[in-house]
Amino acid sequence: MKMKFILGLFSVLLVSMTLAFHTASAKTVLVNEMDSTNPFKRGDVTKVTMKDGFLVHKNDQLSSSDVYWDNAFQYDNTKDYEISVRYDTSLASSVADLDLGLLRITKSTVNWANKGVYIKDGTSWKRVGTVDPNGDFIWKLVYKADKTYSLYQNNTSILENQPITTLPQSTTFTFNSMASNGSTKIDYVRISDNIPDAPAAPKSLTATAQNNTPVLNWSAATTATSYTVSRSVYANGPFEDIAQNIKDVTYTDASAKAGNTYYYVVKASNESGTSPASNTASVTLEAPRSSLDVIIAPETIKVGETFTADIALKNVQDIYAEDFSLSYDPTLVQYVGYEAVTGYKVYNETKDTPGALRFIIASQGKSFVINSDTTIVKLKFKAIAAGSAKIDALKARVADTTKEYDLETANVLEDTILIEKPRFLDVDRSGQYTLLDLSLDAFYFGMNAADTNKDLHDADQTEDDKVGDDDLTYIVDQILQNKEYAPNK
């Protein structure tokens with residue numbers, strides 16, 4: 001629950017409280033959640049009541065003496081402190097101010113020069129940049145005896161390790177809260193005088209390649225709240241940060257490139273600072289293997305349709321010539337021919353045996369040297385029967401300007417396409433393809449499918465919304481495969 005301070009127009013409530021001082025061994029100076037059972041230890045509370053979970057002033061008309069706290073916070077400038085508060089100023093239409101001794105949060109629509117967050121420097125308040133306090137925020141101040149402070153808003157760092165000119169004298173701080181023309185809310189105030197030191201360097205950093213990707217692991221650093229991973233391609237650096245604010249003790253470097261050796265260090269951080277670097281760990285990733293790939297874009301086509309299989313070289317260097325062979329199932333697909341790719345000329349196409357192909361290709365000048373993934377030829381096929389058709393590269397040899405070599409069999413690849421039957425078996429729906437089917441489509445030749453007699457015939461065999469050569473060619477292929485069709489009996 002929250003505590004709500006309400007004042008009338010320009011009325012100001014000055015609230016002071018003194019908190020019991022704990023011994024040096026205590027971690028917590030104050031933890032106050034500001035709920036109905038613990039709304040700070042106070043004196044005269046006859047003018048306040050609980051309403052909707054908030055502490056509300058009766059009649060909204062109070063003087064500064066109506067409500068007060070009767071303890072004080074003892075500050076020791078030989079210690080480090082962490083002050084945390086959730087303070088909501090969004091309901092104050094004029095002025096809101098919270099003074100917690102070392103931290104002050106001020107909102108003013110009357111005098112904008114006073115609006116901001118302040119840190120105690122000696123006996124004066126030091127304004128922190130241009131931080132806007134208007135709203136419902138969690139504020140945290142780390143105030144250290146080494147004359148530095150760090151400020152966080154909603155657990156996000158605003159400033160870290162900023163200098164303090166002079167520490168305040170050890171004294172009793174009175175806490176003040178006031179508002180005019182509105183109200184403010186405080187969820188809690190927490191103060192600790194046991195701030196952890198900056199963490200030690202993480203230990204036992206290791207780097208391993210999993211699926212050719214670096215995976216780092218290290219031992220947790222005591223008091224660390226986050227880690228930063230840095231990487232270099234040199235054993236002694238320089239190292240560049242590649243990941244920050246890591247909460248776990250493992251990291252996968254998805255940006256690493258195959259074929260490289262990387263060196264890593266890890267640093268730990270908390271609110272007090274950052275550790276030295278860990279030990280250096282390295283990992284070498286395998287270079288990508290050269291391959292000849294077959295790439296078929298569509299996954300599924302219908303009988304009678306054509307498709308293209310791109311033949312591409314991958315992960316090669318300075319290649320100018322290729323000699324490779326492929327196989328395909330001639331009962332499912334028919335080789336139609338090839339489409340040349342600019343810069344790569346086919347000097348030999350062997351296609352004498354159905355189901356087998358061989359090509360010899362060369363680059364047309366050094367501007368077409370192959371150093372990256374490159375398509376060197378496009379093969380055209382026609383689907384002639386239903387089934388799963390595989391275009392399989394069997395072997396490949398490549399050459400640069402100093403040597404030639406065979407690609408490993410495992411890296412001479414394949415691709416598969418699923419061929420489906422058309423929706424209709426034959427044109428006249430007799431159950432088999434005959435010369436009559438061909439004659440009917442010859443009659444409909446050049447017509448749109450919508451103009452044919454769909455009540456009697458399925459003329460659009462390849463389902464492209466018109467009747468053309470592809471339909472007649474498909475019908476002839478089916479006639480030749482129809483063992484029950486015997487012409488000239």
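These legends describe close-up views of a predicted model.

**View 1. An open sheet of three strands.** The strands are ordered S16-S17-S20 and pair in the antiparallel sense. Strand S16 (203–210) and strand S20 (250–252) are the edge strands, each pairing on one side only. On average, neighbouring strands of this sheet are turned by 15° against each other, direction ignored.

**View 2. The antiparallel pairing of S16 and S17.** Six bridges join S16 to strand S17, residues 213–219. Gln210 stands opposite Thr213 in S17.

**View 3. The aromatic pair of Tyr75 and Tyr143.** The structure holds 14 aromatic pairs. In the pair of Tyr75 and Tyr143, the ring centres are 6.5 Å apart and the planes are at 75°, so the pair is edge-to-face. Tyr75 belongs to strand S5 (residues 73–75) and Tyr143 to strand S11 (residues 136–144), so the pair ties together parts 68 residues apart in sequence. Tyr75 counts as buried because its relative accessibility is 3%. Tyr143, at 1% relative accessibility, also counts as buried.

**View 4. The tilted aromatic pair of Tyr75 and Phe173.** The two rings lie 5.3 Å centre to centre, with 45° between the planes. Tyr75 is in strand S5 and Phe173 is in strand S14 (residues 171–173), so this pair links distant parts of the chain, 98 residues apart. Phe173 has 8% relative accessibility and counts as buried. Tyr75, Tyr81, Tyr143 and Phe173 form one aromatic cluster.

**View 5. Charged ends of lysines over aromatic rings.** Lys120 has its charged end over the ring of Trp125, 4.5 Å from the ring centre. The charged end of Lys140 sits over the ring of Tyr152, 4.7 Å from its centre.

Notes. Residues are numbered from 1 along each chain as its sequence is written. This is a predicted model: local features need pLDDT of at least 70, side-chain atom pairs count only at pLDDT 80 or more; totals for chains, interfaces and linings use all residues. Side-chain values use heavy atoms; hydrogens and water are left out. Two strands pair if DSSP finds at least two bridges between them. Helices (H or I, at least four residues) and strands (E, at least two) are DSSP runs, numbered from the N terminus. Axes are lines fitted to C-alpha atoms, for helices over the stretch in contact, and angles run from 0 to 180 degrees between N-to-C directions. Rings of Phe, Tyr and Trp (its six-membered ring) pair if their centres lie within 6.5 Å; planes under 30 degrees apart count as stacked, over 60 as edge-to-face and the rest as tilted. Buried means under 20% relative accessible area, exposed over 50%, partly exposed in between (1.4 Å probe, protein chains only). A charge sits over a ring if NZ of Lys or CZ of Arg is within 6 Å of the ring centre and within 35 degrees of the ring normal.
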